[in-house]
2 protein chains.
Amino acid sequence: MGVRDEILEQPASARRFLEDEASAIERVAEEIRARSIDLVVVAARGTSDHAAVYAQYVFAVRHGLPVALATPSAVTQYGAQPRVERALVVGISQSGRSPDIVAVVAAARRGGALTLALTNEPGSPLATAAELLIDLLAGPERAVAATKTYVAELLALAGLSLAIRPDGADERALERLPETLAAALEAEPAAQGAATRRREMTRCVVLGRGFEYATAREWGLKMKELALVLADPYSSADFRHGPVALIEPGFPVLAVATSGAVLPDVRELLQRLRDEQGADLLAVTDDPSVVSLAADHLPVPPGVPEWLRPIVSIVPAQLFSYHLALARGLDPESPRGLGKVTLTR
Amino acid sequence: MGVRDEILEQPASARRFLEDEASAIERVAEEIRARSIDLVVVAARGTSDHAAVYAQYVFAVRHGLPVALATPSAVTQYGAQPRVERALVVGISQSGRSPDIVAVVAAARRGGALTLALTNEPGSPLATAAELLIDLLAGPERAVAATKTYVAELLALAGLSLAIRPDGADERALERLPETLAAALEAEPAAQGAATRRREMTRCVVLGRGFEYATAREWGLKMKELALVLADPYSSADFRHGPVALIEPGFPVLAVATSGAVLPDVRELLQRLRDEQGADLLAVTDDPSVVSLAADHLPVPPGVPEWLRPIVSIVPAQLFSYHLALARGLDPESPRGLGKVTLTR
C-alpha cells in the first residue's frame with residue numbers, strides 16, 4: 001500500500017464514511033443545535049489545517065459563524081486561556097496524537113466550549129480529549145503524505161454542515177461524491193503528462209480562492225512532501241498584494257480555478273499572469289474558459305456544487321504531485337525527514 | 001524617498017506615533033472596555049495581514065480573546081453575514097482603500113460589531129466605514145514595499161493592548177522602542193554582508209513561531225516583493241508537519257529565532273535542519289546560542305519583552321531583503337507588477 005493506492009482508494013473510503021458515519025454526524029449536529037454557538041475554533045496542523053481552512057468558508061458562508069484557526073502556541077507556550085464558552089472547538093488530526101492539538105481541545109473543554117474531534121484514530125488522545133467524535137473511517141493511512149484522510153476530513157465537515165442546516169439538493173450531491181471522486185481519478189493520464197513536462201521545476205506558486213483556497217494550500221503541501229518543490233500557496237486576492245512580483249516568463253503557476261462565484265476574479269489574475277508576465281499555467285478546472293487559458297489543465301468532473309467541490313478538486317492535484325515526484329526521480333513513499341506521526345507542542 | 005529611507009525613518013515615525021496617538025488609543029480602549037467583547041476579527045491583506053497575525057497572539061495571550069482572521073471573500077463573494085454582535089472587528093490597511101477590507105468592516109458594523117480601522121489615511125473609505133480609528137501617522141509611504149506602516153501597525157496593536165490592560169514595565173519598554181528601533185538599524189552592515197553571500201538564492205523558507213510568526217510572514221513577503229525570492233514562511237511547528245522534507249544541503253533557511261518561550265522549540269528545529277539536512281541558516285536573533293548555530297546572523301537589540309519584540313526584529317529582515325535586491329541587481333523601488341495601492345474585491 002503506497003500513496004497512489006491510497007489516492008485510488010478515495011472513492012471507496014468516501015462511500016464507507018458517508019454510509020457508516022451518518023448517524024454519528026447527526027448526533028454531533030444535534031449537540032451543536034442544542035447550544036448557543038457563536039464561534040467556531042479549529043485546531044489542526046499540516047494537511048488537517050487545510051481542512052480547517054475549508055471549515056472557515058463552510059461555517060462562515062452556510063452558517064454565518066466566524067471561524068478562528070487556533071494558534072496552539074498561544075495555549076501551549078504562552079499559557080493563554082481563551083474565552084470559548086460559546087464556541088465549538090474542533091480538533092482535526094489524522095493520528096489524533098499531536099500534543100499541541102490535544103492541548104488546545106482539552107483547554108477549551110475545561111473552559112466550557114463544546115469540543116469535537118475529527119480523527120482517523122477513535123482511541124487517540126484527541127478523541128478522548130473532546131466531548132464529541134467523528135471517526136474518519138478512512139482505514140489505515142500508511143503513506144506519509146496524507147490523501148484519503150484529507151478527503152474524509154472535508155466530507156466530515158460538509159456532512160456536519162448539512163446535518164446542521166439541511167439542503168436536499170446538496171445532500172444528494174454529497175451522496176454522489178464517491179462516484180464523482182472515481183471520475184476525478186480519470187485525470188491521471190493528464191496529470192502524468194503535465195508532470196513530465198514540468199519535471200525540472202523546483203519552485204512554483206499555487207493559487208485558489210474562496211472554498212478552493214483550501215485546495216491550493218493542500219496542493220502546495222503535497223508538492224513539498226512528495227515532489228520536493230517549493231510551492232507557495234496564495235489566495236488570488238492576497239497574491240495581488242505583493243507576491244505577484246515574483247512571476248517572470250516561464251514561472252510555473254498552479255491554479256485551482258473551478259466554476260463558481262470567485263472564478264471571474266481568479267481567471268482575471270491568471271490571464272494577467274500569462275499575458276503580461278509570461279507565467280506557465282497549469283489549472284485544475286471544470287471550466288472551458290480556463291482550459292483555453294492554461295498551458296495544461298487537469299479536469300475536475302462537472303456538476304458538483306461550488307462549496308462541495310474542494311472534496312473532488314484535490315484529487316487531480318494529488319495525482320499531479322505524485323507523478324511529479326516520479327518524474328523527478330524521487331520516492332514518493334519516503335519523503336525526506338518525515339514520519340507519519342508528527343508530535344508538536 | 002525610497003524604501004531604504006523609509007526603513008531608516010522608522011525610529012522617528014514610531015516616536016511620532018507613540019507621542020501623538022496615545023490619547024486616541026486610550027479612547028479606543030475605553031470603548032472596548034465598555035462593551036462585552038468576546039471575539040476579535042481582523043481583516044487585512046498583504047503586509048497588514050501580518051500585523052493581523054501579530055494581533056492573533058497579542059489578544060489571545062494578553063486578553064484571552066479568540067481572534068479570527070477574516071476571509072473577505074466569504075462576505076464579498078459568497079454573501080456571508082457572520083454573527084459579530086459581541087466582536088471587535090479591526091480593519092488594517094495602509095491605504096484604507098482595498099474594497100474587500102472596507103466591505104468586511106462595513107458589514108460588521110451593520111451587524112452590530114464594534115469596528116476599528118488602523119490606517120495611514122484617516123480620510124480613507126476604511127476610516128469612514130469603521131466606528132473607531134487609530135491613525136498610523138507614518139507620513140506618506142511611497143515605496144511599494146511597506147515598511148514603516150507595518151511597524152506602526154504593530155505599535156498600534158501593542159499600544160491598544162496596553163491601554164486595555166496596563167502594565168508599567170511593558171509600557172516603559174514600548175516608550176523605549178524608538179531608541180531600540182534605531183539600535184536595530186545597526187544591523188545594516190551584517191545584512192548587506194549576508195545578502196551578498198546569498199545573492200544566488202531563488203528560494204528559501206522563513207521560520208518563526210509564536211509572536212515572531214508574524215515576523216517570519218512579513219520577512220517572506222519582503223523577500224518576494226523586493227528580492228523576487230520565493231520565500232515560504234512557516235511556524236516551526238507547522239514546518240515539521242510536511243514542508244521539512246524540502247531541506248537539502250545548502251537550502252537557505254531564514255529564521256526569526258529570538259529569546260523567549262518558543263525559542264527552545266525553534267532552536268531544536270534549526271539544529272536538526274543544519275546537522276541532519278545541511279540547511280544554510282541565517283538567523284535574526286538576540287540569543288547567543290542561535291548566533292553560534294547559524295552560518296550568519298542579523299542582530300536584534302537585547303532587552304525587549306518577547307511580545308513586543310516583533311516590532312523590532314522585522315528591521316534587520318527588511319534590511320536584508322533590501323540589500324539582497326541590490327545584490328541581485330534588482331531595483332527595490334519598482335517591484336515587477338506592483339502598484340502602491342491594491343484594490344481587491
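Predicted model: local features only at pLDDT ≥ 70, side-chain atom pairs only at ≥ 80, totals over all residues.
Trainee: In what order do the strands of the open sheet in chain A stand?

Mentor: The sheet is open and consists of five strands. Their pairing is parallel. Read across the sheet, the order is E2-E1-E3-E4-E5.

Trainee: Which strands of chain A stand at the edges of this sheet?

Mentor: A strand at the edge has a single partner strand, so one side of that strand is left without a neighbour in the sheet. In chain A this applies to strand E2 (67-69) and strand E5 (132-135).

Trainee: By what angle are neighbouring strands of this sheet turned against each other on average?

Mentor: The angle is taken between neighbouring strands of the sheet, with direction ignored. On average, the turn is 20°.

Trainee: Which residue in E2(A) stands opposite A:Val40?

Mentor: Strand E1 (residues 39-44) of chain A runs parallel to E2(A), and three bridges join the two. Within E2(A), the residue opposite A:Val40 is A:Val67.

Trainee: What angle does the direction of helix H4 of chain A make with that of E2(A)?

Mentor: Helix H4 (residues 47-63) of chain A packs on the sheet. Helix H4 touches E1, E2 and strand E3 (87-93) of chain A. With the direction of E2(A), the direction of H4 makes an angle of about 165°.

Trainee: Which strands does helix H6 of chain A touch?

Mentor: Helix H6 (residues 99-110) of chain A also packs on the sheet. The direction of H6 makes about 160° with that of E3(A). The strands touched by H6 are E1, E3 and strand E4 (114-119) of chain A.

Trainee: Is A:Leu228 buried or exposed?

Mentor: A:Leu228 lies in the loop between helix H12 (213-227) and strand E7 (230-235) of chain A. Its phi is positive, near 55°, although A:Leu228 is a residue other than glycine. Because its relative accessibility is 12%, and the cut-off is under 20%, A:Leu228 counts as buried.

Notes
Residues numbered from 1 in each chain as written. Chains lettered and ligands numbered in written order. Heavy atoms only, no water. Helix = DSSP H or I, 4+ residues; strand = E, 2+ residues; numbered from the N terminus. Buried < 20%, exposed > 50% of the residue type's maximum accessible area, 1.4 Å probe, protein only. Pairing = 2+ DSSP bridges. Axes fitted to C-alpha atoms, helices over the stretch in contact; angles between N-to-C directions. Contact = heavy atoms within 4.5 Å.
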